[in-house]
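Subject: Structure handover

Hi there,

Here is the structure I promised to pass on to you. Please open it alongside this email, and then read on for my notes.

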Amino acid sequence: MSVESDPAQSTVRPSWAKVVDQTRCIGCHACTTACKSENEVPLSVTRTYVKYVDTGAFPQARRSFQVTRCNQCESPPCVAACPTSAMFKRPDGIVDFDKSICIGCKACIAACPYDAIFINPEDHSAEKCNFCAHRLDIGLEPACVVVCPTEALLVGDMNDPSSEVARMINRDPVSVRRPEKETKPKLYYKGADQVTLDPLAAQRPEGGLFMWSEQGEVDHGVPSGHPGPWNSSAAAVLSYDIPHRAPWDFRVSLYTWTKSIAAGAYLAPLLLLATGALGPASPLWTWAAPILAGVFLALTGAILIWDLEHPARFHLIFRRPQWRSWLVRGGFIIGGYSAVLAAHFAVALTGASPPLWLGWTGGGLAVLTAIYTAFLFGQAKARDMWQNPLLPVHFLVQAVLAGAGAVVLAAVAMDGLGGALNGAVSGADTAAGASAGSAGASTGSAGVATAALQLFAVASGAHLLMIAGEVFMPPPTAHARLAEREMTHGRFRGWFRVGVLGALLGVAAPWLAAGVPWLGLAAVAAGLIALLAYEHAYVQAGQSVPIA
């Protein structure tokens, strides 16, 4: 079949849309197999599939279907998140992709609220439904439309009032998935059931037993159902679905931690310098700050490249940047921060103290390095738990915590445990409310370690307060609530509890060091490790709730 157009509308640029008439769908999966054949989609992944949900109890039961695929959004978050424009929107409204410039960062997958994008296991590039654009370009209908035996799938030009799609959209009651995400989907459902449109409306079958399939543990998988009570009063259960995978694994958790240390290792000494606790000629400022920050920044970059499906293409972030992407913005921020660290180190090699303007420039870039990931997570519209306006502040607090801990450990390494922490008693007294003069007057290792220990304790306390706010404030959506529940009581509760316990030890570190110096050092080390545990719980739990 071919796509017909009205000659009167030929001067108007088309805007392709699709209607799925669920009152006609018989769940035959012909669209899935036709799509695989037409587009050479390998096994284990699909551009389109049909979800089954059974509602009621025998003998009063019924089955609902939902054809699930890319929604061809008018405001596609995957396009905004893609750092190289590998995901792009054509003039006719189709959201298409260019595999030759995909770096495999999976930002588009995290951004898509419909779980429509996947990594092709054969070429390791992002892929999804594109309305069979190669067929539309020559006047043919998409393969799924041609093969559907009940004509449940229709594609047409929304700008052509004579097209059946335009008539149905303008005349019949139709629905879209997740309209609250404000993506303006152009995949419309006629006669769809809420238990299929809402990914939280149906419970997961016990044991992962579906029709014709058994889904056990999927590698880095997101359950096809969800980890908590389903969001419907109906007796609805998934009877057929496909495995879903979270896009970002432990490497993203690790990257947020190394980046916190990289930013904080420069920011914390700068704060101590500003308060007079650290002298401008101190080796902790001239040498330790740029070296520690530079080493962990290099680790951060290595982890980011390691996480790419096409690591050899990472240079495309800089060679063909798409500036709305926070991966691109973050890459240039890290590049600028690296340049300042290199300049700081070069000045130190001459035996001089780095100029104050260089330090404050580095401090500003350290702040941006600490917080840009919050905006990257904010671009992941699919994940409600990450849509937190206080997340940039929390990442900054974590950077100060990590940096203060790094300064304490550096002071111990440079001056020995006893010498570095023998001022911790006065630090504990200061934290308890005594005069800060004894801690701030000294610019030696003991005074610096004491001041850094206090900063570590204060940052740990602020970190705990931010966690408490996230946990005890009512989440804005059911999706966010289930993700939080998975973090605090579900699969990631062990990591979360380690994170909270370590933060508590961090608050107590000055008092522990006042009694036994090595206990204070152990509390700092435990606090840094616990920060990594919390990061892992937060990043992975945010991806634990299904969105399709």
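This is a predicted model: local features need pLDDT of at least 70, side-chain atom pairs count only at pLDDT 80 or more; totals for chains, interfaces and linings use all residues.

**Helix packing**

Two packed helices are described by the angle between their axes and the distance between the axes.

Start with α19 (residues 493-515) and α20 (residues 517-541), whose axes cross at roughly 160 degrees and come within 7 Å. Angles over 145 degrees count as roughly antiparallel, so that is the relation between α19 and α20. The crossing of α19 past α20 is left-handed. On the α19 side the contact includes Trp-495, Phe-496, Gly-499, Gly-502 and Ala-503, while α20 brings in residues including Pro-517, Gly-520, Ala-523, Gly-527 and Tyr-534. By class, this contact has 16 nonpolar and 6 polar residues, with no charged ones.

Helix α20 also packs against α8 (residues 250-275), here with an angle of about 135 degrees and the axes 8 Å apart. With that angle, α8 is therefore oblique to α20. This crossing is right-handed. From α8, the residues in contact are Phe-250, Val-252, Ser-253, Leu-254, Thr-256, Trp-257 and Ser-260; they meet Leu-528, Leu-531, Leu-532, Glu-535, His-536, Val-539 and Gln-540 of α20. The class count for the contact of α8 with α20 is 8 nonpolar, 5 polar and 1 charged. If you are colouring by residue, note that His-536 is listed in the contact of α20 with α19 and also in the contact of α20 with α8.

Pro-283, Leu-284, Ala-288 and Leu-292 of α9 touch Ala-406, Val-407, Ala-410, Ala-411 and Met-414 of α13.

**Pockets and cavities**

Rolling a probe the size of a water molecule over the atoms shows where empty space is left. The largest pocket holds about 740 Å³ of space. Its lining has 31 residues, and those nearest the pocket centre are Val-45, Phe-118, Ile-119, Arg-245 and Ala-246. Two strands, β6 (118-119) and β15 (244-245), each give at least two residues to this lining. In class terms, the lining of the largest pocket contains 13 nonpolar, 8 polar and 10 charged residues.

There are also 7 cavities of 30 Å³ or more. The largest cavity contains about 100 Å³ of space. Of its 14 lining residues, Cys-25, Cys-28, Cys-31, Val-67 and Cys-148 are the closest to the centre. The lining of the largest cavity divides into 11 nonpolar and 3 polar residues, with no charged ones.

**Backbone details**

Most residues other than glycine have a negative phi, and most peptide bonds are trans. Two places in this model are worth checking against that.

- Phe-58 and Pro-59 are joined by a cis peptide bond, with omega at about 5 degrees. Pro-59 sits in the loop between β2 (49-57) and β3 (60-68).
- Glu-40 has a positive phi, near 55 degrees. Glu-40 belongs to the loop between α1 (30-39) and β2.

Best wishes

Conventions
Residues are numbered from 1 along each chain as its sequence is written. Side-chain values use heavy atoms; hydrogens and water are left out. On a 1 Å grid over the protein atoms alone, a cavity is a set of points where a 1.4 Å probe fits but cannot get out, and a pocket is an open set with protein on both sides within 12 Å along at least five of seven lines; lining residues have an atom within 4 Å of a point. Grid points are joined across faces, edges and corners, and a volume is the space filled by probe spheres set on the points. Ala, Val, Leu, Ile, Met, Phe, Trp, Tyr, Cys and Pro count as nonpolar, Asp, Glu, Lys and Arg as charged, and the others, Gly among them, as polar. Axes are lines fitted to C-alpha atoms, for helices over the stretch in contact, and angles run from 0 to 180 degrees between N-to-C directions. Helices (H or I, at least four residues) and strands (E, at least two) are DSSP runs, numbered from the N terminus. Angles under 35 degrees count as roughly parallel, over 145 as roughly antiparallel, 65 to 115 as roughly perpendicular and the rest as oblique. A crossing is left-handed if the near helix is turned anticlockwise from the far one by less than a right angle, and right-handed if clockwise. Contact means heavy atoms within 4.5 Å.
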